[in-house]
Amino acid sequence: MVLGVAGYAVFVYSFLPLGSLVHPEMKVSFMANKIGIYSHIFASSVALVIGPLQFSTKLRQKHTNVHRWLGRVYLGVGILIGGVSGLYMSQFAFGGLVGKLGFASLALLWLYTGLSAYLAVRRGDISEHRKWMIRNFSLTLAAVTLRIYLSASMVAGFEFTKAYMVIAWLCWVPNIVFAEWRLRFNIAKNKALQRASG
Ligand code: HEM
């Protein structure tokens, strides 16, 4: 799915005229903010493609340097450039104030979780680094969930403007809640295992 969304985005925004496949109002804001939208799409796609590789235990253990370098590109290009440009583009987002706030909150949390993951690894706290990266990548996956909900809402025949407003939040809130729940569930499970093994 990440390859599908990133591949689609890179292909469409490299070879088709800007805004050809989006709502006409979105096209207007994209045309007026070409640097913002292009840097957002290409940088964010880097995060989407690199992200899953970073969770491979094999890669981390056998090729630690590759994990480090991919991590720098993920955070420096994907999150920093993709997040700042996403935050910038959120002021023009479709879906009214609710839509704009949805994307702006997502961008701020994306940057915050990325920075927290970076600071944790710099101070050598691998366990915290892992937790922040799980939270961060659950937000990166908003690019995938957004497109799933958007397609579903079109099939269901929902009005685009209203659906987009809801999806600006729906694309990431359940993701981060699920990530947080998994992290807490795992911590509770590990504690129970430790207690059981004495
Ligand atoms: C997770 C943080 C992200 C934020 C805050 C964010 C924010 C935004 C905003 C505000 C827009 C403009 C929408 C509008 O005008 O209504 C947009 C469009 C777009 N974003 Fe993101 N985005 C994020 C992640 C990603 C990722 C990871 C990708 C990777 C492919 C991506 C690809 C796109 C594309 C392709 C568009 C253009 C609309 C389309 O063709 O569907 N975004 N994003």
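I started with the residues around the ligand: there are 25, counting any residue with a heavy atom within 4 Å of it. Tyr 13, His 40, Phe 94, Arg 147 and Tyr 164 come nearest. This is a predicted model, where local features need pLDDT of at least 70 and side-chain atom pairs pLDDT 80 or more, while totals for chains, interfaces and linings use all residues. Residues are numbered from 1 along each chain as its sequence is written, and side-chain values use heavy atoms, with hydrogens and water left out.

Next I sorted the shell by residue type and found 18 nonpolar, six polar and one charged. In this sorting Tyr counts as nonpolar, Gly as polar, and Asp, Glu, Lys and Arg as charged.

Then I looked up the iron. Which protein atom is its donor? The iron atom of the ligand has a single one, NE2 of His 40, 2.0 Å away. Donors here are N, O and S atoms within 2.8 Å of the metal (3.2 Å for Na, K and Ca), and water is not among the atoms, so the site may look incomplete.

I placed His 40 in helix H3, and H3 also gives the most to the shell, with six residues. Helices are DSSP runs (H or I) of at least four residues, numbered from the N terminus.

Last, I checked polar contacts, meaning pairs of N or O atoms within 3.5 Å. A backbone N or O atom of Phe 94 lies 2.7 Å from a ligand oxygen, and a polar side-chain atom of Tyr 164 lies 3.2 Å from an oxygen of the ligand.

Key:
Polar contact = N/O pair within 3.5 Å; in protein donor to acceptor, adjacent residues only side chain to side chain. Helix = DSSP H or I, 4+ residues; strand = E, 2+ residues; numbered from the N terminus.
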